[in-house]
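Here is a short briefing to read alongside the model. Take a look at the sequence and the fold, then walk through the points below.

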Amino acid sequence: MEKNKIVYLDNAATTAMSNEVYCEMIDAYGKLYGNPSSIYKAGREADAALRSVREKVAKAIGASANEIYFTSGGSEANNWAIKGIARANRDKGNHIITSVIEHPSVLESCKALEKEGFKVTYIPVDEFGVIKYSELVKAIGPNTILISIMTANNEVGTVQPIKAIAELAKANDVIFHTDAVQAIGQIDLNVKDIGIDMLSISAHKFNGPKGVGALYIKKGTKIQKFIDGGEQQRNMRAGTENVAAIVGFGKAIEDATANIEENTKYLKSIRKYFLKTISEAIHNIQLNGHNTQRLQSIASISFEGAEGEAVLMMLDREGIYVSTGSACASGSNKPSYVLLAMGKDAETAASTVRFSFSKNTTKEEIDYAVEEIRKAVKKIRSISAVRIYKNKVEL
Amino acid sequence: MEYTEELLNEFYNPANVGVIKAASAVGKIVDDENGEIMKIYISVEKNKIVDAKFQTYGCVPSIACSSMATKMMIGLTLEEAAASITASAIVKELGGKLSDTKTRSAEMAEKAVKAAVKNYSKK
């Protein structure tokens, strides 16, 4: 490994734009300057670009182009889906069901609605991060108007049984939304086949630009407008569209969903190699999440006796980028609520590091990273107030 | 979130790591909520702290603050240590800036110092 080489193992936080996406965006920034709502040629050209991307997004998830709405990213899509459905369907009921391990943009949206008088049930998860399905069944009632459960969790990679949840929702005449932000490009999602009413997407998770995403809304769904103002996007979401970013988004999603099977196969092999190498190099470690019902891009590991942020900063010095808890939670004090929800104690949660791979991660990078992780964990353990033991021998 | 150069240096090169066997006293602080543990060992002769060591299971600022606290303690009397090694004094030695969410690390170190002093006095 050359000196000063960066080994990026935080793809679940964000990804670098691919060269193809970058080039298309630069081109769009230059040429497509028009406001898509303007009726002269420059405007029509920008609008045509948007229509083309809508087709691409729709194709990626098995929807129709007129069911795709561009947003500023995943957080906005989640806010809109949850608040928009709740406020528009008050006459039908005031109960929402979600899970304890959702992204903060889902959880905080639910908390905000609770202040407006809505009731929210947060379904617990098991030790692998899978929602307790029987609790979900019990929770549904005559006042339930929305179920929002993420497709795949960003911290540990556990994938939820969304087909079963979609069927359950349909049987009870409840709208089903899924935050698919982490899943696009790794799980083949067809909203019609699965029976999903709304789905959130964020471009920067699959080599697209930051600040752009989409909400898929099934035709006929009663939802309130979230961003008020002009009548862009069929009068559903105001604001002049970020044309160049949307062009990048289109290219990114097209590429990401072109080879899901191949992509997943590669990620699986890299992840397997990483786990083998790291478990041989470092003792007293624990893998978090489900073994099979999972994204292959994520490996959440707890290093007994070594606090996560301390390990992260040691690795930072060697140009290796990883994450503790979720990216959004960094800077906050508390141990990951996802890990705590899975039954881990605060100390284990605090000693957890998330490694997330991409199709560009190589075995060479893994070898280099594991050696540096080994050294970092050893150093941090030597400072630690927590002593670790193997067969009653202090290590 | 930004850590100062001084804080990071202290974290990357901590001083006085370890235990003092047959220490005069130990100050142990546990933060259950965040899962952090800080231990400061002291050697006392004629009311003066002649040696101090620490062990910390915690985040970057927690390690840096406890390391700095041991450096500040050595050579002081027990009373001087308990009085002068405050969270803000520790932060000052580490570049003078620590975000709100992480001041608890400095506070924890202050408490560990006071606990060690108190435990010596109790004997």
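Predicted model: local features only at pLDDT ≥ 70, side-chain atom pairs only at ≥ 80, totals over all residues.

- Strands β6 (residues 175-179) and β7 (residues 198-202) of chain A run parallel and are joined by three bridges.
- If you want a residue pair to look at in β7(A), A:Leu199 is the bridge partner of A:Thr178.

**Salt bridges**

- Over all chains, the count comes to 22 salt bridges.
- One of them links A:Glu76 with A:Arg237, with the closest N and O atoms 2.6 Å apart.
- A:Glu76 belongs to helix α3 (residues 74-88) of chain A, while A:Arg237 sits in the loop between α8 (232-235) and α9 (243-256) of chain A, so this pair ties together parts that are 161 residues apart in sequence.

**The sheet of chain B**

- Chain B has an open sheet of three strands, ordered β1-β2-β3, with antiparallel pairing.
- Its edge strands are β1 (25-31) and β3 of chain B, each of which pairs on one side only.
- The twist here averages 15° from one strand to the next.
- Seven bridges pair β1(B) with β2(B) in the antiparallel sense.
- Within β2(B), you will find B:Ile37 as the bridge partner of B:Val30.
- Helix α2(B) lies across β2 and β3 of chain B and runs at about 175° to β3(B).
- Helix α5 (residues 103-122) of chain B also packs on the sheet, where it touches β1 and β2 of chain B. The direction of α5(B) makes about 145° with that of β1(B).

**Where the two chains meet**

- At the interface, 26 residues of chain B are in contact with 26 residues of chain A.
- The area buried between the two chains is about 2,100 Å², and carbon and sulfur atoms give 58% of it.
- There is one salt bridge between chain B and chain A; the side chains of A:Glu309 and B:Lys102 meet in a salt bridge at 3.8 Å, N to O.
- Seven residue pairs, both members at pLDDT 80 or more, are in polar contact across the interface.
- Four elements of chain B, α1 (5-12), β2 (36-45), β3 (48-57) and α2 (60-73), each supply at least two residues of the side that touches chain A.
- Strand β3(B) gives the largest share of that side, four residues.
- Sorted by class, the side of chain B that touches chain A has 14 nonpolar, six polar and six charged residues.

Definitions and conventions:
Residues numbered from 1 in each chain as written. Chains lettered and ligands numbered in written order. Heavy atoms only, no water. Contact = heavy atoms within 4.5 Å. Buried area = accessible area lost by both parts, 1.4 Å probe. Salt bridge = Lys/Arg side-chain N within 4 Å of Asp/Glu carboxyl O. Polar contact = N/O pair within 3.5 Å; in protein donor to acceptor, adjacent residues only side chain to side chain. Nonpolar A, V, L, I, M, F, W, Y, C, P; charged D, E, K, R; others polar. Pairing = 2+ DSSP bridges. Axes fitted to C-alpha atoms, helices over the stretch in contact; angles between N-to-C directions.
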